[in-house]
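Here are a few notes to go with the structure. Have a look at it alongside the points below.

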Amino acid sequence: MAHPIRLAAREIEVALKSVADVNPAFMTTPDKAAALVELAAVEARVAELRLRVTADAGDVADESGARDAGAWAAVATHRRRGDCAAELRLALALEDRPVLAGALRDGRANLDQAHVIAAALAKLPSEVSAEMVDQAEAVLVEYADRFDPTELSRLGRRILDVIAPEIAEAAEARRLADLEASARRRMRLRFRALGDGTTRISGLIPDEHAARLATYLHAFTNPRRDDAASPSPEATQAPREPYGRRAAQAFCQLLETLDPTRLPIHGGDATTLMVTMSLASLRAELATATLGNPAPGDSHDRITAEEARRLACTAQIVPAVLGGKGEVLDLGRSQRLFTRAQRRAMALRDGECRAEGCHIPAPWCEAHHAGDPWAAGGRTDLADGLLLCSHHHHRAHDPRFAADRLADGGVRFHRRT
């Protein structure tokens, strides 16, 4: 005779087959709502039953030579190894957590909530007594009736504030100190040039620094910047750029706004980026420049002359202009850039991006040489400067576009014919 668990599985299968061809389109709205909740509860109960069997399935793994029941299940059920491994850990944890297992069995908690609660209990400090852990389990299971897994995870991190406030702060301080020390040991940052004009940046940094970076980037990616502008009808119909792309653009803008005089001394001088190019290239529309001192064969340190001219307006770079035989004709200094005082004066005078129809506010704009560009001998005087947002500043240095000065001092861009 088949085991009761197998009989239950067969009965569930039969019940599901009986509605396999039933179209839910003919259900009433209240019936659909009730069915979704009921099916979620059934799913949780089935998951608990599977976990109960998984926790006692070590012999199945032994018989097949698998590492454990999770590895065996991944092969037998064609599921992700990581998911099966996580479910095995939860199954073993539920053996010691009867309240959580009961909530899952009764449909009062779902599988995602169970994972979060079990993880929160496992992370409690070792000095917390078994009775306090049981109390924390009961409280979190009660919270499962009202909170989703994300909210439960936050509550789980602060559960000691509820069950043992007298030790919560000290325990939290020790936990955070351990996390911060671990983050400092594990943090990494890598750069890999892809050879297609981009460099892949990958890394692991502490949470507090990631939060600071995210805050800085938010200043550039804030949707209010778009709302502040008065776009053309064509721009209104265009879809907004993906956030990942806007964040990458913001990161590049952040790098360009860094003040090198506040960075550590590097090579006897404030950290500075050197751009090397010939005088002919500096004046040409289609030419290239070299960043820094690249190794032979490197390609990711090359930029267009157009980009070099744009950087010369705002970025703290030193443009080294070479003659025909490579001799240095001119080594620009940071004084050639607009000073902070000039930048503030432009902000007061212009107030916003001076491109026609653009209202990006001054704090998010860049200073641009409006007369003759610096590369062509222009002067870095207040009268020669005006504010442009990053988009229009790129356009000002794009050889495909021309800029006409307006009567009010602004600029209007149009494609060259």
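1. A term first: a polar contact is a pair of N or O atoms within 3.5 Å; within protein, one must be able to donate a hydrogen and the other to accept it, and residues adjacent in sequence count only if both atoms are side-chain atoms. By that rule, the side chains of His 368 and His 393 make a polar contact at 3.4 Å.

2. Some housekeeping. This is a predicted model, where local features need pLDDT of at least 70 and side-chain atom pairs count only at pLDDT 80 or more, while totals for chains, interfaces and linings use all residues. Residues are numbered from 1 along each chain as its sequence is written, and side-chain values use heavy atoms, with hydrogens and water left out.

3. Back to His 368, which sits in strand β10 (helices, H or I, of at least four residues and strands, E, of at least two are DSSP runs, numbered from the N terminus). His 368 counts as buried, at 10% relative accessibility (buried is under 20% relative accessible area, exposed over 50%, partly exposed in between, with a 1.4 Å probe and protein chains only).

4. Arg 354 is in the loop between α18 (340-350) and β10 (365-369). Arg 354 is buried too, at 17% relative accessibility, and its side chain makes a polar contact with that of Asp 350 (3.4 Å). Setting aside neighbours within four places in sequence, its contacts (heavy atoms within 4.5 Å) include Leu 386, Asp 408 and Val 411.

5. Now for β1 (residues 188-193): of its 6 residues, 0 are buried, so the strand lies largely in the open. β1 pairs with β2 (residues 199-204) in the antiparallel sense over 6 bridges (pairing takes at least two DSSP bridges between two strands). Arg 188 has Leu 204 in β2 as its bridge partner. The two strands form a hairpin with 5 residues between them, and Gly 195 in the turn has a positive phi of about 80°.
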